[in-house]
Amino acid sequence: MSLPNPQPVLDLIEAFRHSKTMFAAVSMGVFEALHDGPATAAELAAKLGADAGAMGRLLDGCAALGLVRKQAGVYRNDAVAETYLYAGSAHSLRGYVRYSDEALYGMWGHLDDAVREGTHRWKQSFGLEGPIFSAFFRSEEAMRDFLMGMHGFGMLTSPRVVGAFDLSRFRRLVDLGGATGHLAIAACERYAELRAVVFDLPRATPLAQEQVAKSAAHQRIEVVAGDFFEDELPAADLYYVGRILHDWTEAKIERLLGRVFARLPEGGALLIGEKLLEEDGVGPLAASMQSLNMLIVTEGRERSLSEYAGLLRRVGFGAVEAQRTGAALDAILAAKGEIAG
């Protein structure tokens with residue numbers, strides 16, 4: 001009898017080693033050092049305060065992963081590292097890589113306990129009650145690092161989300177929990193008649209203002225401080241929530257959706273950016289893994305389109321439709337009335 005192919009199991013045994021190799025290189029500043037110029041392992045070790053032989057092994061691992069290139073003993077960043085792992089890149093994911101290393105990596109070590117108890121792991125891992133992200137990001141530097149990592153994700157996903165439906169009929173968009181403003185920027189750059197508001201907590205607004213100022217559409221984008229659970233929502237005919245609903249329980253989601261619905265004019269709509277599960281809950285793989293991540297980190301989970309539609313219709317929304325974008329977020333459009341996209 002022939003045995004099944006063991007490769008899926010072998011790949012999963014190796015997977016955390018791949019991640020941790022990248023995490024360590026980011027944490028040590030390897031990609032910033034190589035941005036300054038090509039170097040040998042000994043030169044990088046001296047610059048970064050590491051053992052030369054061990055640094056060589058780390059760099060060879062990064063080369064095997066396709067993050068750096070090695071020629072005649074000299075290393076340089078590959079384009080993917082220069083774009084997504086170098087801190088100075090406009091598209092850098094470095095902040096989220098560091099968050100994955102410093103927060104998620106340890107919390108995922110308690111996945112079995114999370115499954116047994118059905119609760120997040122902030123207290124077990126860090127002594128924090130959570131899931132309140134601001135409690136973990138105790139310094140402005142840590143908060144900025146994380147938000148800029150999410151900005152890198154947003155640069156990849158937001159253009160796909162705002163292009164999933166024809167939004168040209170809308171005139172004023174409010175992005176609730178808009179962070180650095182990447183969605184508002186993508187929307188206003190795509191739709192020339194659209195004006196937008198980035199609405200987030202006061203700690204996030206200076207960074208949003210900084211990023212919005214770089215956009216060609218900056219004169220049509222406003223940054224406003226506020227709490228979408230407590231404060232009056234700015235007026236709009238289109239609201240957006242991205243990577244927000246999956247953080248919360250159904251009761252909190254319905255509270256937020258109810259506030260949005262009440263504020264919308266007839267014919268207005270809510271655009272949602274989340275990764276949609278299949279209706280049976282199995283896959284896409286990234287969505288299934290993200291749902292486990294939500295168990296580890298928050299009160300929430302990922303959902304299927306029918307589950308989101310149920311939540312939306314319970315607070316009064318009419319037509320609900322979705323588009324898979326091919327990016328890390330899919331798009332849902334829910335109308336106050338019967339017309340969606």
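Which residues make a nonpolar surface patch of about 260 Å²? Val9, Leu10 and Ile13 do. The views below start there.

This is a predicted model, in which local features need pLDDT of at least 70, side-chain atom pairs count only at pLDDT 80 or more, and totals for chains, interfaces and linings use all residues. Residues are numbered from 1 along each chain as its sequence is written, and side-chain values use heavy atoms, with hydrogens and water left out.

**View 1. A nonpolar patch is made by Val9, Leu10 and Ile13.** Patches are made of residues with over 30% relative accessible area and no salt bridge; like charges are joined within 9 Å, and nonpolar side chains (Val, Leu, Ile, Met, Phe, Trp, Tyr) within 5 Å. Accessible areas come from the Shrake-Rupley method with a 1.4 Å probe, and for residues only the protein chains shown count as cover. Val9 is found in helix α1, residues 7–28. Helices (H or I, at least four residues) and strands (E, at least two) are DSSP runs, numbered from the N terminus. Val9 has a relative accessible area of 54%, so this residue is exposed. Exposed means over 50%, buried means under 20%, and partly exposed is in between (1.4 Å probe, protein chains only).

**View 2. Arg314 and Glu250 meet in a salt bridge.** A salt bridge is a side-chain nitrogen of Lys or Arg within 4 Å of a carboxyl oxygen of Asp or Glu. Here the N to O distance is 3.3 Å. The pair links distant parts of the chain, 64 residues apart: Arg314 is in helix α15 (residues 305–314) and Glu250 in helix α13 (residues 250–263). Arg314 is exposed at 52%. Glu250 is partly exposed at 32%.

**View 3. Lys252 forms a salt bridge with Glu299.** Their closest N and O atoms are 3.1 Å apart. Lys252 sits in helix α13, while Glu299 is in the loop between α14 (285–297) and α15; the two are 47 residues apart. Lys252 has 30% relative accessibility and counts as partly exposed. Glu299, at 35%, is partly exposed.

**View 4. A salt bridge joins the side chains of Glu278 and Arg324.** The N to O distance is 3.7 Å. Glu278 lies in the loop between β8 (269–274) and α14, and Arg324 in the loop between β9 (320–323) and β10 (330–335), so the pair ties together parts that are 46 residues apart in sequence. Glu278 is partly exposed at 36%. Arg324 is partly exposed at 42%.

**View 5. Salt bridges link five residues in a network: Glu32, Arg94, Arg98, Glu102 and Asp145.** The structure holds 22 salt bridges.

**View 6. Helix α3 (residues 41–48) has the buried residues Ala41, Leu44 and Ala45.** They cover an arc of only 100° around the axis, so they lie on the same side of α3. The arc is that of the directions from the helix axis to the C-beta atoms. What covers these buried residues includes α2 (30–36), β1 (39–40), α4 (52–64) and β3 (74–77). The face turned away from the buried side carries the exposed residues Ala46 and Lys47. Just after α3, Gly49 takes a positive phi of about 70°.

**View 7. Trp122 is buried.** Its relative accessible area is 0%. Trp122 is found in helix α8, residues 122–126. Trp122 and Val297 are 175 residues apart in sequence, but 6.8 Å apart in space, C-alpha to C-alpha.

Definitions and conventions: Contact = heavy atoms within 4.5 Å.
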